[in-house]
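Dear colleague,

Please find below the structure that I am handing over to you.

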Amino acid sequence: MAMTMTHSQPALVARHLSRSFGTGEALARVLRDVSLELEPGQVLLLMGPSGSGKSTLLAVLSGLLRPDSGAVFVLGEDLWRMSERARERFRLRHFGFIFQGFNLFPALTASEQLEMVVRWGEGTSRREARRRVAGMLDQLGLGRRAGLRADQLSGGEKQRVAVGRALLKQPRFCFADEPTGSLDWSHGEQVIRLLHSAAHDRGAVLFLVGHDPRLVPYADRVLHLADGQLVAEPASASEEVSP
Ligand SMILES: Nc1ncnc2c1ncn2[C@@H]1O[C@H](COP(=O)(O)OP(=O)(O)O)[C@@H](O)[C@H]1O
Ligand SMILES: [Mg+2]
C-alpha cells in the first residue's frame, strides 16, 4: 500500500500557516506556523485534544477559513490567492466534505440526497445517477433505507448518507471532521473502510480528523496537533518497530 505514495508529487502543500481568534487578552493562537504535505492516495489522521485546532486546520486547508498568514497549494494552485468564486468552484470540483452535523436536506430521501450531487455536478442522466447511487448506498449498508427521508434516518444512517454524498463526486480530496464520532463502531468502521479505499484505490487524499484510536490502523500517517503545531506520532508508538 505504501508503494503507491513513494513516486508521487504532493497533492497539497501547506506552508507556515498561522491563524488566531480574538484580540488582546482574549487572543488565541490556534495554529502557529504549521507546514504540511499530503500525497495522492494518502490517509492522514489528525488527532489532538478538543480545542487544539483540528477543525481550524481542516478549514484552512480546504478553503473554508482564511489563514492569517501562510499559503496552501492544492494541485499546484495557491488556494488563498484565488478569487472567492474561483475558490468556491475549485472546492466543488475537487473537495468532498464530511462533518459531524450531516447537513442533509430533511425532506429528501437518502437516494435523492445523492442523486442530486451526481446530476448537478456532472450532468449525468437520471438512470445513470440512480445506478451509481444505488451502488453507493449498498456499499454503505443503506440499500434498504434508500427511500426514507433524512428525518426518518438514525444519526448513524445520516452520517453514512453524508459519506456517500461526499464520495460520489469522486473528489481528489476528502476532508472528514470526526466522521465516525456519532456512530457505533461497526458503522464507524464501515465508514472508515470506505473512506480508506476511496483514497487508496483512486489516489485521493483523505484528511481525517478523529480521536478514536481504532482509526489509527486505517491511516498512512498520524499527526497530532499540540500547542498550535503538528507533531508526529508519539515516540512510544514507533519504538515497537525496533528489533
Ligand atoms: N470562529 C471562531 N471564533 C473564535 N474562536 C474560535 C473559532 N473557531 C475556533 N475557535 C477556537 O479555536 C480553538 C480551536 O478550535 P477547533 O479548531 O474547533 O478545535 P478542535 O477541532 O481541535 O476541537 C478553540 O479554542 C476554539 O474555541
Ligand atoms: Mg473539531
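Predicted model: local features only at pLDDT ≥ 70, side-chain atom pairs only at ≥ 80, totals over all residues.

Residues are numbered from 1 along each chain as its sequence is written, chains are lettered from A and ligands numbered from 1 in the order in which they are written, and side-chain values use heavy atoms, with hydrogens and water left out.

Overall fold

The protein chain contains eight helices and 10 strands; these are DSSP runs numbered from the N terminus, helices being H or I with at least four residues and strands E with at least two. Its radius of gyration is 18 Å, close to the 18 Å that the globule rule gives for 243 residues, so the chain is as compact as a globular protein of that length. That radius is taken over C-alpha atoms, and the rule is 2.2 Å times the number of residues to the power 0.38. Of the 243 residues, 47% are buried (under 20% relative accessible area, with exposed meaning over 50% and partly exposed in between, for a 1.4 Å probe and protein chains only). Among contacts (heavy atoms within 4.5 Å) with a separation of 6 or more, 69% are between residues 24 or more positions apart.

Sheet and hairpin

An open, mixed sheet of six strands has the order β6-β7-β8-β3-β9-β10; two strands pair if DSSP finds at least two bridges between them. Strands β6 (95-98) and β10 (229-231) are at the edges with a single partner strand each, so one side of each has no neighbour in the sheet. Within this sheet, neighbouring strands are turned by 20 degrees against each other on average, direction ignored. Strands β3 (residues 43-47) and β9 (residues 221-226) run parallel and are joined by four bridges, with leucine 46 opposite leucine 223.

Strands β1 (residues 12-21) and β2 (residues 28-38) are antiparallel and share seven bridges, and arginine 19 has leucine 31 as its bridge partner in β2. Six residues lie between the strands of this hairpin, where glycine 22 has a positive phi near 80 degrees.

Helices

Helix α3 (residues 84-94) lies across β6 and β7 (173-177), at about 75 degrees to β6. Axes are lines fitted to C-alpha atoms, for helices over the stretch in contact, and angles run from 0 to 180 degrees between N-to-C directions. Helix α7 (residues 185-202) lies across β3, β6, β7 and β8 (205-209), at about 150 degrees to β8. The axes of α6 (residues 155-168) and α7 come within 10 Å and cross at roughly 5 degrees. The two helices are therefore roughly parallel (angles under 35 degrees). Arg160, Val163 and Leu167 in α6 meet residues of α7 including His187, Val191 and Leu195.

Individual residues

Glycine 96 belongs to β6 and is buried, at 2% relative accessibility. Glycine 96 touches Ala166, Pro171, Phe173, Cys174 and Phe175, leaving aside residues up to four places away in sequence.

Most residues other than glycine have a negative phi. Aspartate 33, in β2, has a positive phi near 55 degrees and is partly exposed at 43%. Leucine 75, in the loop between β4 (69-74) and β5 (77-78), has a positive phi near 50 degrees and is partly exposed at 29%.

Yours sincerely

Technical notes
Parallel < 35°, antiparallel > 145°, perpendicular 65-115°, else oblique.
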